[in-house]
Each structure stands twice: as structure tokens, then as C-alpha cells.
Amino acid sequence: MQVDFSPEIQLVNKLRVELKERNWSIIQLVCSGGQTHFSVTYKCQGKNKTVFPDLVAFKEKQIIIGEIKELFDQKDHDKLIELYDSELAYKIITKNISLRTKTEQDYFSIHYVLINQDLNSIVSSQLAQLVLSEETFELKHGKDDSALNW
Amino acid sequence: MEIIAYYEGDDSVKGWFSALVTQNVTYKKMPKQNDSKDYADLPAYVSDILYLDKPDLIISMIHDGHEKPLLSIEFASCTPQYQHALQRFSRMVASISAGCPSVLIIPKKKRANNLKDIYTRSTAVEYGSVKLMDIFKTPCFILDWSIDENFFLVNEDDTPYPLIDSDGIKHLKALVSSCIEARQDVNYIDSLAQKKIVHQLTDISRTNAYRNGVPCIERPSGGDKKSQAKLDLVDTEQLLGEISDRSAFHKALCKNAPPFIKERTESLVFYPTRITDHAGDPYVGMIGYYDIAFTRFGKSTRDRHYNLVAYAKDVSIKEVTGVMTKFATKTCPFVDDLQTKNSKMYNYHLKKGCKETKSKPIRIYAELADIVIFKDGVLFNAG
């Protein structure tokens, strides 16, 4: 009765292994719609919005906020761009991680990342992408984001 | 001795759960939904647990050549206030009513993501678990998710699950071990009830459930403050009269109300603002608590002090008829001829019908609610 799990679950499992190998500390890693405990509430065009990122991880001074789909997803892209543009979201995320790690809030930089296995995915201007190729994730930098040290 | 764990696909649970037991564990896929073909392959002991809701992990064991459940585990990493905690309660009801012990792992306190608020676990979920255990005579416990001094969750490295070396998970480890031992006995539940860890956890549960004032219909979340949740205990005859007055159609439907519903003199009413939309949240999770905590005295839904009534006065019955029409025309395997690809569900439905495969909110309301009142109709439990 053993049947393969969905491509997104397989992405999550492979990503967890690689994040561990690359010494990232994982705060949240779930499939879309999975149970999350880390959310970010920010204001967008005067309205409160809350997002539940699929991936929240940190290593040294870097924080990754990521969304996971089998293929490049424009809605996820736009959601991360909104977060990227929000100062409040930046403050909430860095404060949360600094409280957990007992570090200064301005210690961190945040990288918003799309995660998929879409080898033909569109290159985003601001967002990096982690694309599963064979068994490892390759980092595709955004046009204006070259700072993530994966 | 073979231990089997049904899981939803996150591989990190394998290392986490295997660290709790000395036996080898075989991990199998939990069907994503009850209407998927994997569901038809499950042993009945396991699929019965999924009838009302789906716990995160179902642990079973091969005994005397049959696979039988040991316990179910639900992980709740949310902040643990009233409604959040009780959203998970239906998973315990699902498991316990199928004769399978159940644990819910949830933090005692947790800092909210706004970083300012700190929420404490509701007494209600602990009271509900004690009532559930007393009614079904089956172990049912709330265990602590590890937290740090800032009230953030502390997880086992590289997993989304609680620290193994923590009080809550040490209790779980002892409970799983006792479950495995007790399963060797002919009468699993009676044997498990004699184990030391079950007595210890029962004492802890009772202490926690009654610590701040017992939940009651006026204050379903317990304590001495007014609750935001609105529940009313009303006269059944008056309620049926009120429903009948809504329209001629309501009146005609009320004439067909089953005698066992009319015979209960009082009815407990809650007020959902949706039934199936948005998966029926949060009411689908709450109905199990209202049932167990305030109406039930026995294992059957007939064993109730009061009728359990969902008064959805602004909701159209189309929320139900629409979902069932979609099921009947798209999901039901009898829409198509028998084919290789639908043969599993075809055979399953020939034997069991759609009781366990229709949408979750419909399953839960059909099973637990005695009356569901809509603006344009009313449904009664078939008994």
C-alpha cells in the first residue's frame, strides 16, 4: 500500500536534509497548508495581513523566509514581495529570531526565497530561488539579490 | 512484534518516533483524505479512527496476525488558548470513539507571534479529555510540548516535534511502552488501564482539568470569567416551536423529527456562522467538545442528557446540499462504470457507502449534531 507522497512533501523532506547538512537551524518547515506555529502579521494598503511561511530558518546572520511549491508560483512570489517591502514584517521577523537566539535584532538580514523543482522557473528581480535539481538544491539569485550565502 | 506508524509524509517524524520505542517501526502513508484510494487499503481498525477526524500519527501493532491500533498522537504547536486547543479535540474524539487511546501534545504556555501576548492552555481541553476518558473508559491525555524561558516552543533538533528529553515526551515514551505491553493481553484497554503511567497521567489530567473552576454550559472555557463562547440550554419543545415558526417548510420538517430528539426535554444550542464553508472552522472542532463536555453520558450519541443543536440561523442549507451534490456527481465512484482506477473505492463504497468518505464537516455534523437549523431548512440526526 506504500504510495509516493506528493511532490511538495518530497521537496520538504529533501530540503530538511540539505538545510541540516548546510548547518541551518530550522524554526518552521511545512508543506503548504501544513500546521504552522510561526506567522507574520503586517500592514498592507492599510489592512492587517498574516502569512504563515512554509520555511523559516537561520544561519549565522542570515534568515530565510521561504514558500514551497512544486513549480514556480506567482502568488507565492507576490506574497514574498509584499513581505520584502514591509518594514513591520522585517522588524517582527528579526525580533522573533533575536529573542530565540538571544542576539541583537539588527544582527540579521532576511532573504525571501521561493523553493521549487521548476528548472525553467522565472528569474525574480528581488527573490532568490532554491531549485531542486537531481538530489540537491541549487541557488538561483534574484537579479537584485545576490547576498544569500546558501 | 511489528509496530506500524501511519504518518502524513514528513520523514523527520521517523527518527523522532523511533527514538521513543525499542522495537522496529514500519512507517506507512496516512491517506490525505478519506475519499482517496489509499483509504480503501487501510485496515478497518485504522480507518475507523479517521471517520471523524485525522490525528497526525496513528500507531498500531500486529497482534495475533491482525493489525490493531495502539494509540493516536496529535501535535498542536499553536498558541493553546480555548478555541485553538479545542480545534484539535475532535481528533481525540475520533480516536477514542474508535477504541484507540489518544494523546494531544500542546504547550502549557506559548508566546504569540506578535511577541507580546503569552497564552496559557485552556482548562477546557483538559476537562474535555477527562470527560472523554470517563465516558469511553479509554486513556486520553494532554501532554506538554516543551517550551523555553521565553515561552517559545523547543523542538527536537531538525524536526518540528517536541524535545524528546522533556517531561511531556518522557510521559509519552512510557505510555507507548505500556501500550505495547498491554496489547499482548486479550483485553487491551483493561490491561492498559492497570499500568502505572496511565494512573500517573490520569491523576495529572484530573488535577489540571479541575484547577481553575470546572467548565460548564455558562462558562464552557472554565474559570470564573464570562466566556466569549455562547451556549444556551433551552426547552426542546419551545425550540422546535421556534423552528417551526420560521417557515411552512421548517414546520413540515419538524413534524418528521425523530422521537428520541423530541423526548429529550432540554437542548444545548451553539451558534455556528458556517457549516461547511472554510472547512466549517472553527465550529467543526468545537462541536465534539460541547458534546463530550456537556451532553454525553455514554458511548452512543443516543446517550445524551440534552440534544446537541447547531443553530446556524444565517446559513443556507445549500452549504450542505451543495457539498453533497458535488460529492454525488463527482467523487462518488458509482458515477462511473467499474474501472481499474476506481475499483478500490468502488468496492469500498459497495460495502460501506459514503459514511466515512464524504466531506469532514458533513461527517461530523451528521454524526454528532441532533439538530442543525438553517435559515431555509432543518436537519435531524438519523439516530
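This is a predicted model: local features need pLDDT of at least 70, side-chain atom pairs count only at pLDDT 80 or more; totals for chains, interfaces and linings use all residues.
User: Which residues touch the most other members in the largest nonpolar core?

Analyst: Val309(B), Ala310(B), Val372(B) and Ile373(B). That core holds 102 residues.

User: Which helix gives the largest share?

Analyst: Helix α13 of chain B, residues 283–295. Nine core residues come from that helix.

User: And which domains does this core draw on?

Analyst: Domain 1 (3–209) and domain 2 (231–380) of chain B each supply at least three residues.

User: Zoom in on Ala310(B). What does it touch?

Analyst: Leaving out residues up to four places away in sequence, Ala310(B) touches Phe270(B), Pro272(B), Ile287(B), Tyr365(B), Ala369(B), Val372(B) and Ile373(B).

User: What about the second core, how many residues are in it?

Analyst: The second core has 39 residues and is separate. Among them are Leu15(A), Ile26(A), Ile115(A) and Leu130(A).

User: Switching to helices. At what angle do α10 and α11 of chain B pack?

Analyst: About 140°, with the axes 7 Å apart. α10 covers residues 236–244 and α11 covers 248–255.

User: Why call α10(B) and α11(B) oblique?

Analyst: The angle is about 140°, and only angles over 145 count as roughly antiparallel. The pair is therefore oblique.

User: Which residues make the contact?

Analyst: From α10(B), Leu240(B), Ile243(B) and Ser244(B). From α11(B), His250(B), Lys251(B) and Cys254(B). By class, that contact has three nonpolar, two polar and one charged residues.

User: Backbone next. Where is the cis peptide bond?

Analyst: Between Asp281(B) and Pro282(B), with omega about -5°. Pro282(B) sits in the loop between β10 (266–270) and α13 of chain B. For context, most peptide bonds are trans.

User: What is phi for Glu60(A)?

Analyst: Positive, about 50°, although Glu60(A) is not a glycine. Glu60(A) is in the loop between β4 (55–59) and β5 (62–68) of chain A.

User: Is Glu60(A) buried or exposed?

Analyst: Exposed, because Glu60(A) has 12 C-beta neighbours inside 10 Å. The cut-off for exposed is 12 or fewer.

User: And Phe151(B), what is its phi?

Analyst: Near 65°, a positive value in a residue other than glycine. Phe151(B) lies in the loop between β8 (140–145) and α7 (167–182) of chain B.

User: How many other C-beta atoms lie within 10 Å of Phe151(B)?

Analyst: There are 18, so Phe151(B) is partly exposed. Buried would take 20 or more.

Note on methods: Residues are numbered from 1 along each chain as its sequence is written. Chains are lettered from A and ligands numbered from 1 in the order in which they are written. A nonpolar core is a set of buried Ala, Val, Leu, Ile, Met, Phe, Trp, Tyr and Cys residues joined through C-beta atoms within 7 Å. Helices (H or I, at least four residues) and strands (E, at least two) are DSSP runs, numbered from the N terminus. Domain bounds come from an automatic or database domain assignment. Two residues are in contact if their C-beta atoms, placed from the backbone, lie within 7 Å. Axes are lines fitted to C-alpha atoms, for helices over the stretch in contact, and angles run from 0 to 180 degrees between N-to-C directions. Angles under 35 degrees count as roughly parallel, over 145 as roughly antiparallel, 65 to 115 as roughly perpendicular and the rest as oblique. Ala, Val, Leu, Ile, Met, Phe, Trp, Tyr, Cys and Pro count as nonpolar, Asp, Glu, Lys and Arg as charged, and the others, Gly among them, as polar.
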